[in-house]
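These are my notebook entries on one protein model.

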Amino acid sequence: MSSTELRRTALDATHRALGATMTDFAGWDMPLRYGSERDEHLAVRSRAGLFDLSHMGEITVTGPQATELLNFALVGNIGTVKPGRARYTMVCREDGGILDDLIVYRLDEAGAATPHYMVVANASNAQVVLDALTERSAGFDAEVRDDRDAYALLAVQGPESSKILASLTDADLDGLKYYAGLPGTVAGVPALIARTGYTGEDGFELFVKPEHAVALWQALTSAGEGAGLVPCGLSCRDTLRLEAGMPLYGHELSTALTPFDAGFGRVVKFEKEGDFVGRAALAEAASRSEQNPPRVLVGLVAEGRRVPRAGYQVVAGGEVIGEVTSGAPSPTLGMPIAMAYVDPAHAAPGTAGVGVDIRGSHEPYEVVALPFYKRQK
């Protein structure tokens, strides 16, 4: 494969047969949409959607000191993750800048002699995270393994997802908590069944061998026919996560921000034993944010119809008070929305006089609390 050739998932031919519009995403040829991204979005909110997320980066960490390595390499306390559970965390540079946000699954059974973790990185940062973990593993009795080619990843999201998946597996889905994973068989295919989600809806992620991806996609499609399940692309995944107030690396998170700057200081666990990469810089950032609060990540809802985009300036009283990180029309709310970092003085929900500079015109926006959308439990 040439350096410019896009990587293709095991479901590439399936997407093309369905007429998907494909796009380059982090070096992968991925489905952007199959038809109407609005229809796909609303299907996930009201029924169910099926996603190919095989571009995500899976990294296996095993060995007697796997826990100690991850505690050193990441900002979270991985030692408190029980077998079968998952943890949202971040990997930072020595200066505290965010390299990526991650989900870490603990896959070994309770009482196992050797811990076994799967670290799932964003596609755009998978190599960066792999390199960081490999470099930081020096001196630890642990192995870091690139397993990006070992998995295909399918996700079923939406209120009907549990019913659809239950028809194909005897795994205990009711007992599977949010941020947990369990091994099982789905439509005869061995899978790690996880329940984390990035849409604001209930849903499941299925990690399987690439050679099983097409059969599983077809089985899920058939099982979901009566429930209104539709194939969904990356475009609606972005509007779904935006409505749910979930950050996207490269937009709300970057190496220019520490977790405290981004409003995610809660993921940094100073109380864990031993040193970890970025501890000193993050302690400074925590102290700094208490004395001089950084810009706050807020929601913005348009009073008009013009859509704000990443990088647009947020203004008030003729001054720049922040910057839009993500913006799009909200299919659920029926109006444009955005996430933005703004000065603390303008961050309270209902703050008046806030606008977004859209090509020289200051369009009025209402500051609201995140998320924009929360599903009914």
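How much space lies in the second largest pocket? I found about 290 Å³ there. I note at the outset that this is a predicted model, in which local features need pLDDT of at least 70 and side-chain atom pairs count only at pLDDT 80 or more, while totals for chains, interfaces and linings use all residues. Residues are numbered from 1 along each chain as its sequence is written, and side-chain values use heavy atoms, with hydrogens and water left out.

**Entry 1: the pocket**

I took a pocket as an open set of points on a 1 Å grid over the protein atoms alone, where a 1.4 Å probe fits, with protein on both sides within 12 Å along at least five of seven lines; lining residues have an atom within 4 Å of a point. The volume is the space filled by probe spheres set on the points, which are joined across faces, edges and corners. The lining of the second largest pocket has 16 residues, and the closest to its centre are Asp-238, Thr-239, Arg-309, Gly-327 and Ala-328. Helix H2 (37-46), helix H7 (234-243) and strand E17 (319-330) each give two or more residues to this lining. I read helices (H or I, at least four residues) and strands (E, at least two) as DSSP runs, numbered from the N terminus. H7 gives the most, with five residues. By class I counted six nonpolar, five polar and five charged residues in the lining. In that count Ala, Val, Leu, Ile, Met, Phe, Trp, Tyr, Cys and Pro are nonpolar, Asp, Glu, Lys and Arg are charged, and the others, Gly among them, are polar.

**Entry 2: helix H7**

Is H7 mostly covered or mostly exposed? H7 is mostly covered, with nine of its ten residues buried. Buried means under 20% relative accessible area, exposed over 50%, and partly exposed in between (1.4 Å probe, protein chains only). Among the buried residues of H7 are Arg-237, Thr-239, Arg-241 and Glu-243. The cover over the buried residues of H7 includes strand E2 (21-25), strand E3 (28-33), H2, E17 and strand E18 (335-342). Just after H7, Gly-245 takes a positive phi of about 70°.

**Entry 3: the cores**

I next looked up the nonpolar cores, each a set of buried Ala, Val, Leu, Ile, Met, Phe, Trp, Tyr and Cys residues joined through side-chain atoms within 4.5 Å. The largest has 29 residues, and those that touch the most other members are Leu-154, Leu-165, Val-186, Ile-193, Leu-206, Leu-216 and Leu-220. Elements that give two or more residues to this core include strand E4 (48-52), strand E10 (152-157), helix H5 (161-166) and helix H6 (213-224). The largest share, four residues, comes from H6. Not counting residues up to four places away in sequence, Leu-220 touches Leu-50, Leu-154, Val-156, Ile-164, Leu-165, Leu-168, Leu-206 and Leu-229; contact means heavy atoms within 4.5 Å. Apart from this core lies another, of 25 residues, including Ile-98, Phe-264, Ala-285 and Ala-286.

**Entry 4: two loop residues**

Glu-160 sits in the loop between E10 and H5. With a relative accessible area of 21%, Glu-160 is partly exposed. Beyond four places in sequence, Glu-160 touches Arg-47, Ala-48 and Ala-227.

Gly-97 lies in the loop between strand E6 (86-92) and strand E7 (98-106). Gly-97 counts as buried because its relative accessibility is 2%.

**Entry 5: backbone details**

Ala-26, in the loop between E2 and E3, has a positive phi near 55°. Arg-359, in the loop between strand E19 (354-358) and strand E20 (361-368), has a positive phi of about 55° although it is not a glycine. Ala-26 is partly exposed at 37% relative accessible area, and Arg-359 is exposed at 71%. The peptide bond from Leu-370 to Pro-371 is cis, with omega near 0°.

**Entry 6: the record**

I found residues 13-272 to be 24% helix and 29% strand, and residues 295-374 to be 0% helix and 55% strand.
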